[in-house]
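Please look over the structure shown below with its side chains displayed.

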Amino acid sequence: GSIDDAREVFDKMTKRNVVTWNSMIEGYARHAHGEKALELFSQLQQECLKPSKVTFLGVLKACTHLTALEKGKQIHACIIKSGLELDIFVGSALI
């Protein structure tokens, strides 16, 4: 399936959890749609869901595709606030 089909299903979901958000964020990041990944990350935060390390990995990948250093710094601050800065995978993605 395509990322557009996935988004259509996502948008129709009545209940979303961090796994469904991560799937969309990672899908966008993987297919070089960094802006859309970051938009979803903002929406996830607005819905008061707690990002997981998988969320941050996808968002950092999106920042890399966009060469968005300032946004990457903001994400880094969120990672520190969440206590995930010592996670080996998140730490590696920050480098």
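The side chain of T20 reaches the backbone oxygen of N17 at 2.8 Å, a polar contact in the sense of a pair of N or O atoms within 3.5 Å, where within protein one must be able to donate a hydrogen and the other to accept it, and where residues adjacent in sequence count only if both atoms are side-chain atoms. This is a predicted model, in which local features need pLDDT of at least 70 and side-chain atom pairs count only at pLDDT 80 or more, while totals for chains, interfaces and linings use all residues. Residues are numbered from 1 along each chain as its sequence is written, and side-chain values use heavy atoms, with hydrogens and water left out.

- T20 lies in helix α2, where helices are DSSP runs of H or I with at least four residues, numbered from the N terminus.
- T20 counts as buried because its relative accessibility is 18%; buried means under 20% relative accessible area, exposed over 50%, and partly exposed in between, with a 1.4 Å probe and protein chains only.
- Not counting residues up to four places away in sequence, T20 touches F10 and M13, contact being defined as heavy atoms within 4.5 Å.

**F10 and the aromatic pairs**

- F10 is found in helix α1 and, at 3% relative accessibility, counts as buried.
- Beyond residues up to four places away in sequence, F10 touches R16, T20, W21, M24 and L40.
- The count comes to 2 aromatic pairs, under a rule by which rings of Phe, Tyr and Trp (its six-membered ring) pair if their centres lie within 6.5 Å, with planes under 30 degrees apart counted as stacked, over 60 as edge-to-face and the rest as tilted.
- F10 and W21 form an edge-to-face aromatic pair, with 5.0 Å centre to centre and 85° between the planes.
- Because F10 lies in helix α1 and W21 in helix α2, the pair ties together parts that are 11 residues apart in sequence.
- Both F10 and W21 are buried.
- The charged end of R16 sits over the ring of F10, 4.2 Å from its centre; this description requires NZ of Lys or CZ of Arg to be within 6 Å of the ring centre and within 35 degrees of the ring normal.

**The nonpolar core**

- The largest nonpolar core has 20 residues, and those with the most contacts inside it are L40 and I75; such a core is a set of buried Ala, Val, Leu, Ile, Met, Phe, Trp, Tyr and Cys residues joined through side-chain atoms within 4.5 Å.
- At least two residues of this core come from each of α1 (3–12), α2 (18–30), α3 (34–46), α4 (53–66) and α5 (69–82).
- In soluble globular proteins, nonpolar side chains tend to be buried together.
- Leaving aside its neighbours within four places in sequence, I75 is in contact with F41, F56, V59, L60 and C63.

**Helix α4 and F56**

- The 14 residues of α4 should span 20 Å at 1.5 Å a residue, which agrees with its end C-alpha atoms being 20 Å apart; the expected span is 1.5 Å times one less than the number of residues.
- The buried residues of α4 are T55, F56, G58, V59, L60, A62 and C63, and the buried residues of this helix pack against α2, α3, α5 and α6 (88–94).
- F56, at 1% relative accessibility, counts as buried and touches F41, P51, I75, C78, I79, S82 and L84, not counting residues up to four places away in sequence.

**E26 and its partner**

- E26 lies in helix α2 and is buried, with a relative accessible area of 18%.
- A polar contact of 2.5 Å joins the side chains of E26 and K61.
- Not counting residues up to four places away in sequence, E26 touches G58 and K61.

**Positive phi values**

- A32, found in the loop between α2 and α3, has a phi near 60°, a positive value in a residue other than glycine, and at 55% relative accessibility A32 counts as exposed.
- C48, in the loop between α3 and α4, has a positive phi of about 60° although it is not a glycine, and C48 is exposed, with a relative accessible area of 69%.
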